[in-house]
Amino acid sequence: MLLDGKIALVTGGSRGIGRAIALRLAEEGAKVAINYAGNQTAAEEVKAIIEQHGGTAMIVQTDVSDSTAAAEMVARVHEELGGLDILVNNAGITRDTLLVRMKDEDFDAVINTNLKGIYACTKAAAK
């Protein structure tokens, strides 16, 4: 398998594109850490699918926009899976509406998750 022995962390790995990425990485032999924000059931489902096919997975709930939490998440992946070779910064949210109707807190949430989350996770993983 292409990724035997590799360890991957997929942010936003419980649904949508992140779920597909997590499943594919596992299919290629990687151990996969599945990050999720709020839907634990969906994350557990992805983990179960990976394990049913003989793979190794863990789930970790983290607000990726929180630099301290992101660093703790990366440390936990290192501890439980033995390192980190691949980081997929997939977590993202939308608060779609007309600009004139958008609330500042909605805009901030999008920027914090979609941009600061990449910064926080990459910084933690690069160490």
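Reply: Two strands pair if DSSP finds at least two bridges between them. The model is predicted.

Me: Which residue in β3 is the bridge partner of Y36?
Reply: Strand β2 covers residues 31–36, and strand β3 covers residues 57–61. The two run parallel and are joined by five bridges. In β3, Y36 has as its bridge partner Q61.

Me: How many bridges join β1 to β2?
Reply: Strand β1, residues 7–10, runs parallel to β2.

Me: How many of the six residues of β2 are buried?
Reply: A residue counts as buried under 20% relative accessible area. Strand β2 is mostly covered on that criterion. Of its six residues, the number buried is five.

Me: Which helix makes a β-α-β unit with β2 and β3?
Reply: β1 and β2 make a right-handed β-α-β unit with helix α1, residues 16–27. The unit that β2 and β3 make is also right-handed. Its helix, residues 40–52, is α2.

Me: What is the volume of the largest pocket?
Reply: The lining of the largest pocket consists of 16 residues, with G12, R15, A37, G92 and I93 nearest its centre. By class, five of the lining residues are nonpolar, nine are polar and two are charged. The space in this pocket is about 350 Å³.

Me: Which helix supplies the largest share of the lining of the second largest pocket?
Reply: The second largest pocket has a volume of about 230 Å³. It is lined by 15 residues, and A26, E27, I50, H53 and G55 are the closest to its centre. The lining divides into six nonpolar, six polar and three charged residues. Both α1 and α2 supply at least two residues each, but the largest share, three residues, comes from α1.

Me: How far apart are the closest N and O atoms of E27 and R24?
Reply: Both residues lie in helix α1, three residues apart, which is about one turn of the helix. A salt bridge needs a side-chain nitrogen of Lys or Arg within 4 Å of a carboxyl oxygen of Asp or Glu. E27 and R24 form such a bridge, with their closest N and O atoms separated by 3.9 Å.

Me: What is the N to O distance in the salt bridge between K47 and E51?
Reply: K47 and E51 both belong to helix α2 and sit four residues apart, about one turn of the helix. K47 is partly exposed at 24% relative accessible area, and E51 is partly exposed at 38%. Their closest N and O atoms are at 2.8 Å.

Me: Which residues do salt bridges with shared partners join into one network?
Reply: The structure holds five salt bridges. R24 has one with E27 and another with E28, at 3.1 Å from N to O. The network made through shared partners consists of R24, E27 and E28.

Definitions and conventions: Residues numbered from 1 in each chain as written. Predicted model: local features only at pLDDT ≥ 70, side-chain atom pairs only at ≥ 80, totals over all residues. Heavy atoms only, no water. Buried < 20%, exposed > 50% of the residue type's maximum accessible area, 1.4 Å probe, protein only. Right-handed = clockwise from strand over helix to strand, strands pointing away. 1 Å grid on protein atoms, 1.4 Å probe; cavity = no way out; pocket = protein on both sides within 12 Å on 5 of 7 lines; lining within 4 Å. Points joined across faces, edges and corners; volume = space filled by probe spheres on them. Nonpolar A, V, L, I, M, F, W, Y, C, P; charged D, E, K, R; others polar.
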